Amino acid sequence: MLSIVFVLSFWATNFIFYTAYTDAKDLKDSCSTCRQITDNFNKGFERTAKQNFGGGNTAWEERKLSKYETSEIRLMEIVEGLCDSSSFECNHMVEEHEEHLETWWFKRKTKHPDLFKWFCIDTMKVCCPKGTFGPDCNACVGGSERPCHGNGACDGDGTRAGHGKCSCHHGYKGEFCLDCIDGYFNEERNDTFSLCKECHASCKTCTGPTNEDCDECKPGWEENEEGACTDVDECSKESPPCKENQYCLNTDGSYSCKACDKVCSGCSGPGPEHCLACADGYKDEEGTCIDINECELADPACPGEHRECVNTKGSYKCYCVSGFEEQDGVCVPTPEPEQEPEPEPEPEPEQEPEENQEDTDSKPTDPPTHEDL
Ligand SMILES: *[C@@H]1O[C@H](CO)[C@@H](O)[C@H](O)[C@H]1NC(C)=O
Ligand SMILES: [Ca+2]
């Protein structure tokens, strides 16, 4: 007995909590569920319009068709397609209120042809007419004709929920969405209508579309003698803003620093033609920086016997020729592989032991960088 009381009171508490907590969202959801039902009803009505049309057009079939048009069978066929089987809300609402749909179908359809209005607004009272909101379907801020003066969304619009207040579209602000945000100006404006347009890119605030209409310039722009906002050329300032080995690129309202070509040591622009000086390993030739071939210089870049010089972009490398290896700065003959002690058998002896050996033989020793020489 006690446990039954407990279960009942637990259920009741939860139920009350649940209904209070979900009220506002529930109301909006109920309206969209209802709208979905009536939309699907209208689709089903069209779909079934061509049904039971046997193909012939005998008087008997005509009679049968006109009977079907308003029949309970047709209503049932339409009702079956109102909800996805997965939509709990929808199926629940149809089950609970199917009798209303029947009433409309048999008694109200002619007088109230708009099912959404009759069912969702007037009978179920889960929706409101467009431009109105809340339990009593009051007009939205700005009026139900053009809520928020066409520049925003009215909270709860078309439902029994919400506060009717506006959230303005981008560019607009204020209770009535008639004012423009910073960076926008009123191209047209009266008590009920407002059109906000974006200011020129140079303006923080403005009264018109050009850079002469700025109230205040944006950062990166400055007022000239004519009172227009123009770009600041950061690159021509006395202390240019870029680091070493970068060049400065002025842009409207800003600037950017770009890396110099790697053949340059300092530059005034992109590519090897804009170097101020050439980087190490490069030389100036007809106004551009090209690689120095150290291997062809009169002074040998890789001195010593059995040495081989390989030119690289911006540098070069010294190798010992095949059969020799680097030892204490000189190239000495590589010891014969036969003189090496036999290696212990590896766990995977199939792994090309001969080729590995050969690789080590012909591999050049780590060359000294040219700074070392
Ligand atoms: C406000 O401006 C709009 C658009 O120009 C116009 O249609 C409307 O009649 C005007 N209303 C008033 C009260 O002047
Ligand atoms: Ca600039």
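Student: Which residue caps the N-terminal end of H6?
Tutor: Aspartate 114 does: one of its side-chain oxygens lies 3.1 Å from the backbone nitrogen of phenylalanine 116. That's a polar contact (N or O atoms within 3.5 Å, one able to donate a hydrogen and the other to accept it; residues adjacent in sequence count only if both atoms are side-chain atoms). Helices are DSSP runs (H or I) of at least four residues, numbered from the N terminus. This is a predicted model: local features need pLDDT of at least 70, side-chain atom pairs pLDDT 80 or more, while totals for chains, interfaces and linings use all residues. Residues are numbered from 1 along each chain, chains are lettered from A and ligands numbered from 1 as written, and side-chain values use heavy atoms, without hydrogens or water.

Student: What follows H6?
Tutor: Lysine 125, with a positive phi near 55°.

Student: Which residues of H6 are buried?
Tutor: Buried means under 20% relative accessible area (exposed is over 50%, partly exposed in between; 1.4 Å probe, protein chains only). In H6 (residues 115–123), they are Leu115, Phe116, Trp118, Phe119, Cys120 and Ile121.

Student: How do I read an aromatic pair?
Tutor: You give the distance of the centres and the angle of the planes. Rings of Phe, Tyr and Trp (its six-membered ring) pair within 6.5 Å; under 30 degrees is stacked, over 60 edge-to-face, the rest tilted. Three pairs turn up here. Phenylalanine 41 and tryptophan 104 sit edge-to-face, at 5.6 Å and 85°. They link helix H2 to helix H5, 63 residues apart. Phenylalanine 41 is buried at 1%, and tryptophan 104 is buried at 4%.

Methods:
Helix = DSSP H or I, 4+ residues; strand = E, 2+ residues; numbered from the N terminus.
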